[in-house]
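Thanks, everyone. I'll keep this short. Please have a look at the model first.

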Amino acid sequence: MYSHLFFDLDRTLWDFETNSYETLTEIIDRYELLKKGLKDIDLFVKEYYIINDKLWEEYRVGTIDKETLRYERFRRALLKYAITDNSLIMHIGNDYVNLSPVKTNLIPYAKEVLSYLSKKYELYIITNGFEEVQHIKLKESGIEHYFIDVITSERAGCKKPDVRIFDYSMKLANARAKTSLMIGDCLVADIGGARNAGIHQVFFNPNSIEHNANVTYEIKSLNELKKIV
Ligand SMILES: [Mg+2]
């Protein structure tokens, strides 16, 4: 039934939470932030995620640019602890962008499932992540060779859930909507976007969040993909 599978990367294949946590703890250590006012690593990480998600949403809809996102998320997260040294925040922002993509933790079963699927289907990535970052993540975590191409929003000129990025991807892959499948963890960007483009969707929902969206398939583990395609 399907010939082309389009995957989201962050939180669908690449374990964003674990990789991000490792990076943040390294940065906290490197700049001795616990001596500069930070109280608790886990609490800070939690606060950072909330700020980061909010700013990513702003980036996605286009109200802020990439540089603002990279600086502002740390400025806001550290402000609570009265850490306001601009140069320090700049260094931290840059370090995060350099250190995080070389982290290699993947979502459980990612490699096994990609290995299995790549023998039967043409695999592509569609991501809103940054061009220079996403390729490093794929390469370092050892899954780049499973994909024919990586379509970033920067390259497509628009971001998920914009229908145009799905049309762009299908054109590039020489794929039809009817025989394409989009797999992702975000109901808005991945699932809603694919649905609007006429593509069937697999909602990867490892934490079983409640929703009433209309999705073609829903899975809790990547391993379940083998049963769908
Ligand atoms: Mg994602």
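This is a predicted model: local features need pLDDT of at least 70, side-chain atom pairs count only at pLDDT 80 or more; totals for chains, interfaces and linings use all residues.

Let's take the helix pair. Two packed helices are described by the angle between their axes and the distance between the axes. Here, helix 2 covers residues 41-61 and helix 3 covers residues 66-79. Their axes come within 9 Å and cross at roughly 150°. That is over 145 degrees, so helix 2 and helix 3 are roughly antiparallel to each other. The handedness of their crossing is right-handed.

Which residues make the contact? From helix 2, we have F44, E47, Y48, I51, N52, L55, W56 and Y59. Helix 3 brings K66, L69, E72, R73, R76 and A77. Sorted by class, this contact has 8 nonpolar, 5 charged and 1 polar residues.

Now zoom out. The protein chain has 10 helices and 6 strands. The domain assignment gives domain 1 as 4-14 + 105-228, and domain 2 as 16-102. How far apart are the C-alpha centres of the two domains? They lie 26 Å apart. Domain 1 puts 11 residues into the contact, and domain 2 puts in 8. On the domain 1 side, the classes are 5 charged, 4 nonpolar and 2 polar.

Last, overall dimensions. The C-alpha trace spans about 55 × 35 × 35 Å along its principal axes. A compact globule of 229 residues would have a radius of gyration near 17 Å. The protein chain has 18 Å, so it agrees with that expectation.

That's my part.

Note on methods:
Residues are numbered from 1 along each chain as its sequence is written. Domain bounds come from an automatic or database domain assignment. Two residues are in contact if their C-beta atoms, placed from the backbone, lie within 7 Å. Ala, Val, Leu, Ile, Met, Phe, Trp, Tyr, Cys and Pro count as nonpolar, Asp, Glu, Lys and Arg as charged, and the others, Gly among them, as polar. Axes are lines fitted to C-alpha atoms, for helices over the stretch in contact, and angles run from 0 to 180 degrees between N-to-C directions. Helices (H or I, at least four residues) and strands (E, at least two) are DSSP runs, numbered from the N terminus. Angles under 35 degrees count as roughly parallel, over 145 as roughly antiparallel, 65 to 115 as roughly perpendicular and the rest as oblique. A crossing is left-handed if the near helix is turned anticlockwise from the far one by less than a right angle, and right-handed if clockwise. The radius of gyration is taken over C-alpha atoms; the globule rule is 2.2 Å times the number of residues to the power 0.38.
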